[in-house]
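This report describes the architecture of one protein model and the surroundings of its ligands. The sequence and the structure are shown first.

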Amino acid sequence: MKYRPLGNTGLTVSAVGYGALGSPTSTPELIQLAVEGGITYFDTARKYKGSEMKIGMALKGLDRGKLILSSKSQARAPAPFLDEFSESMKLLGTEYLDILFTHDVSTPENWKQIRDSGVIDAMRQLKLQGRIRHLGCSTHDSAVGREIIESGSFEVVMLAYNAANPELEDTLIPLAKDRGLGVIGMKPLGGGVLTDQRSRELGFEVSAAEALRFALSNPGIDSVIPGLDTAEYVQTALNALHGHTPITPEERRELLGRVTIRGRNYCRGCGYCQPCPEGVAIVEILKLYNRWEIYNRADWAQMHLIRTEFARTVPMANGPEVCIKCNACTVKCPYNLPIPELMEASKEMR
Ligand code: SF4
Ligand code: SF4
């Protein structure tokens, strides 16, 4: 259970990998702690500021052959894609990547660009040259994900899977497995939403350990990659890696029941919708609005606190008031959240 084959790639990965999305507060020391504890899979991206350099520093001097390393590019044409790849290799200080992902291919337009622009051919060339070992694609959208998997162009797929998004276990995960793809589960903590402090206070939180256990219990997932940006999270990941026991049907029912209280329109804080051309602070607003919805207008003391924080952190110039409903953000949200509607609703916090 600790180490699983990654689809038909021939690679073996630690069932819990190191997600570097939280790398602004991650450090080479944390990465080393993870290596020493037995994590062998490390995932980063060109987009995660500073992350490739930190991983490169941490992995210096280690046996590269024992580690599985992936990065991602969000470029949608061959030339910038290859430029980003070269930059990733330089910062990571490696001769090859085990997996190179096309990053966040989550709209039909994105998929068309990747499929038709020559990016996949460029990736195949890199594989022939021995500079990457396998082609991967990450997506947040079910319909696009199906096309990506069925295209046969990729050997590994990265999907958002957690107790708030369990639907994929009946759709894309078995589809990918049937076709021999490796499946990486990203956002096992729901982008932090599942384990948020306010939920804990209200008594329906999910601990990071529970969230990892849920994701690891799906045999279709080869590795889950929580963002590990504190020593406590690294330790939780190592405990999950070494002490995993599958979740029972009763525990699963209870956990899903707790999570659904949040409703479906919660923002995961990924930031892909930004920047807003009008300057709306979408992520900050929705972070507070998540809490507002959780309290469901029932706890006036807490709602007063949220109002105060909203007034302090979101000035009118960056508030929902300046949203012109242009939908430039909506098309970028991998979860298809109706952001203009949420902006309208979040005015209630003022
Ligand atoms: S819909 Fe509103 S929040 Fe979204 S990009 Fe347009 S102005 Fe900004
Ligand atoms: S609105 Fe969507 S894209 Fe923006 S931060 Fe939230 S989940 Fe991410």
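## Ligand surroundings

In this predicted model, ligand 2 is surrounded by 14 residues, of which Cys267, Cys270, Tyr272, Cys273 and Cys333 are the closest. By class, this shell comprises 11 nonpolar, 2 polar and 1 charged residues. The element that gives the most to the shell around ligand 2 is helix α12 (residues 282-295), with 3 residues.

Around ligand 1 there are 15 residues, and Cys276, Val280, Cys323, Cys326 and Cys329 come nearest. The shell around ligand 1 divides into 12 nonpolar, 1 polar and 2 charged residues. Here helix α14 (residues 339-346) gives the most, again with 3 residues.

## Overall dimensions and composition

The protein contains 14 helices and 10 strands. Its C-alpha atoms fill a box of roughly 60 × 45 × 40 Å along the principal axes. The radius of gyration is 20 Å, which agrees with the value near 20 Å that a compact globule of 350 residues would have.

Of the 350 residues in the protein, 46% are buried. Among contacts with a separation of 6 or more, 74% are between residues 24 or more positions apart.

## The parallel sheet

Eight strands form an open sheet with parallel pairing, in the order β3-β4-β5-β6-β7-β8-β9-β10. At its edges are β3 (18-19) and β10 (223-225), each of which pairs on one side only.

Within this sheet, strand β8 (residues 156-160) runs parallel to strand β9 (residues 182-186), and 5 bridges join the two. Val157 has Val183 in β9 as its bridge partner. Helix α5 (residues 119-128) lies across β6 (97-102) and β7 (132-139), and runs at about 150° to β7.

## Helix α2 and its packing

Helix α2 has 7 of its 9 residues buried, so the rest of the structure largely encloses this helix. The buried residues are Ser51, Glu52, Lys54, Ile55, Gly56, Ala58 and Leu59. They pack against α1 (28-37), β4 (41-43), β5 (68-73) and α3. After α2 comes Gly61, which has a positive phi near 85°.

A pair of packed helices is described by the angle and the distance between their axes. For α2 (residues 51-59) and α3 (residues 78-92), the axes come within 7 Å and cross at roughly 35°. Glu52, Met53, Ile55 and Gly56 of α2 make this contact with Ser88, Leu91 and Leu92 of α3. By class, the contact has 4 nonpolar, 2 polar and 1 charged residues.

## Backbone exceptions

Most residues other than glycine have a negative phi, and most peptide bonds are trans. Against this background, the peptide bond that joins Gln274 and Pro275 is cis, with omega about -5°. Pro275 is placed in the loop between α11 (249-259) and α12.

Which value does phi of Asp104 take, positive or negative? Phi of Asp104 is positive, near 55°, and this residue is in the loop between β6 and α4 (108-116). Asp104 counts as buried because 21 C-beta neighbours lie inside 10 Å, the cut-off for burial being 20 or more.

Lys325 also has a positive phi, near 60°, and its place is in the loop between α13 (300-313) and α14. Lys325 has 12 C-beta neighbours inside 10 Å and therefore counts as exposed, since the cut-off for exposure is 12 or fewer.

Technical notes
Residues numbered from 1 in each chain as written. Chains lettered and ligands numbered in written order. Predicted model: local features only at pLDDT ≥ 70, side-chain atom pairs only at ≥ 80, totals over all residues. Axes fitted to C-alpha atoms, helices over the stretch in contact; angles between N-to-C directions. Helix = DSSP H or I, 4+ residues; strand = E, 2+ residues; numbered from the N terminus. Contact = placed C-beta atoms within 7 Å. Nonpolar A, V, L, I, M, F, W, Y, C, P; charged D, E, K, R; others polar. Pairing = 2+ DSSP bridges. Near = placed C-beta within 6 Å. Rg over C-alpha atoms; globule rule 2.2 N^0.38 Å.
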